[in-house]
Amino acid sequence: MSPSPSPSPVPSSRYGFELDLVERPFTERGARLLVTAGADPADGLRVARAAYETPLAATTELTGLLVHDAAGNPLPVRSATPVEVAFAGGVSLLFADPATLVLTGHGARASWRLPDGTARGLALDGCHVLAGPPGEWSAPAVRAAAEGRWADWFARMPAVRPDLAERARMAWWTLAVNLLPIAGREGLVPSKYGYVGVWNWDALFHAVALRHGDPALARDQILLVLEHQLPDGRLPDVVHEHGVLAATTDLPRADHARLAEHVGSANGARPERAPVPVTKPPLAAWAVWKVHETDPDVPFLAAVYPRLVRAHAWWFAASDPDGDGLPEYLHPYSSGLDDSPVWDYGPRAEPPDLNSYLIVEADRLADIAAVLGRPAEAARWRERAAAHARLLVDRRWDGTRFTTLAAGAPVPVRTALDLMPLFTGRLPAEVAAALERTLRSPAYWGERPVPTVAFDDPAFDPDAMWRGPVWLNVNYLLAEGLERSGFPGAAAGLRERTLAMVRDAGGLYEYWNPLTGARGPRATSGFGWSAALFLDLARQIR
Ligand code: GLC
């Protein structure tokens, strides 16, 4: 499929895109402060602070920020770029440092309200701190520093095809502003709107894009997850500013209520009451190897290898309740697909993706062991991968599809995870061909593949998170699987359609409606892995 040029107008900003202050707030690398606007410009701007599992309404520092000239005429926002929010009359809002927002200008007046309703105002004459610790700043120096920071960041951006450039610049900006200091490193959060922590598999996908412009930062994302490995070998679901989420006992209360609504809804199975470990799908060795391929770093491989080995072993030791050698997810969040209809059938499940990932992990552990000069170990991993793939096919391939189990019993839902064994590149040719045919059938293929639930499954809902919408990680892994399984044409088609969908929808959303290509109604914006995987896919099709 040949790409059609993007219909979007030539962007006015020198950064290649504008911030709208709604989906794309004004914020900075390392800053928790966000500047947003409401639907009506007369309501002014709001400044709030991103924090783990806290709504912005609870962290709002000020609202109703408006600027007027000396005669009292409003000075509207003229433009918003990564560097500044520029009002008419030469007034600007800039980050002096990640903790400090300043207002600069002369002869104008700013007004705003505190959360308790108290009115505040300021006659502008130079550079004034609006949010953050008191300090003296010089407007030209603050602007020059901000311009320098962004010029450096954009200089590292991987080159992409011209029709993808505007969205790619937005994606590269998203990756920068989603960086926050977390647990002693710079961690990339999935979104400052609602996901303020380092989520396990998100971090791995983020690393896949950061490797192109800042491999050390890519390695940091992986280290943030691996350094918080639990004594039993499991990797936590989330690393955040107060600790980790690694078991149901760490879950925010609202999550228990949300899970109780749908887990077991199809057959009355109840959510587990005893504490259960919570993690994310195993892809760490896969991500480590991708970063190494772009920027070889043998000491890094040596440092992470023992942790990767223990993480892999955990699934077989602690997450395979029936001991059949095919691990299961013990919690919806561990699958990363929180509300997938797979979970309508009970609190533990084995969709075919998990064992596919474990097979690829064994292959990447083999690659790593080989680079580390341990050929016997590498051979053992290779044999593990082959044996695991044989077991998956022997036990779960029914002649037409891979079975999804919930609490040990087959369930009728058909999800995109059924196709994930392609990711292994280790299927018998006829099985791989059958999966490719299914993926390219009307059940999954359309202008915007791949729905996370088959279009013709009764559970399909185009707007509900993991019950139908398109997610970039699923498409990315399936495209890689098609390639590895010998279907480069299908892989290229999936990449092109995925890139076109993101290019044309307008932003880096969490997920998209596969029928319309619109942002999911409850999907967050500025989503890290959508930004990351869009960029990496764009690199692949150059
Ligand atoms: C949602 C997704 C999960 C992801 C997390 C952070 O819970 O279902 O897969 O890791 O958000 O982005």
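A polar contact is a pair of N or O atoms within 3.5 Å. I wrote that down before looking at the ligand. I also noted that the model is predicted.

Entry 1: I looked up Asp 202 and found an N or O atom of its side chain 2.6 Å from an oxygen atom of the ligand. Next I checked Gly 336, where a backbone N or O atom is 2.6 Å from a ligand oxygen. For Asp 338 I noted 2.7 Å between a side-chain N or O atom and an oxygen atom of the ligand. I then looked up the cover: on its own the ligand has 300 Å² of accessible area, and the protein covers 96% of that.

**Entry 2: the shell.** Which residues are around the ligand? I listed them, among them Tyr 195, Trp 199, Trp 201, Lys 280, Met 465 and Phe 527. By class, I have eight nonpolar residues, one polar and three charged in this shell.

Entry 3: Where does the ligand sit? I found that the space it takes is the largest pocket. I noted a volume of about 820 Å³ for this pocket. Its lining has 37 residues, and those closest to the centre are Tyr 195, Arg 258, Tyr 333, Asp 338 and Met 465. The largest share, five residues, comes from α5. I sorted the lining by class as well: 19 nonpolar, five polar and 13 charged.

Terms used
Residues numbered from 1 in each chain as written. Predicted model: local features only at pLDDT ≥ 70, side-chain atom pairs only at ≥ 80, totals over all residues. Heavy atoms only, no water. 1 Å grid on protein atoms, 1.4 Å probe; cavity = no way out; pocket = protein on both sides within 12 Å on 5 of 7 lines; lining within 4 Å. Points joined across faces, edges and corners; volume = space filled by probe spheres on them. Helix = DSSP H or I, 4+ residues; strand = E, 2+ residues; numbered from the N terminus. Nonpolar A, V, L, I, M, F, W, Y, C, P; charged D, E, K, R; others polar. Near = heavy atom within 4 Å. Polar contact = N/O pair within 3.5 Å; in protein donor to acceptor, adjacent residues only side chain to side chain. Areas by Shrake-Rupley, 256 points an atom, 1.4 Å probe, with all protein chains shown as cover. Sits in = over half its atoms within 2 Å of the grid points.
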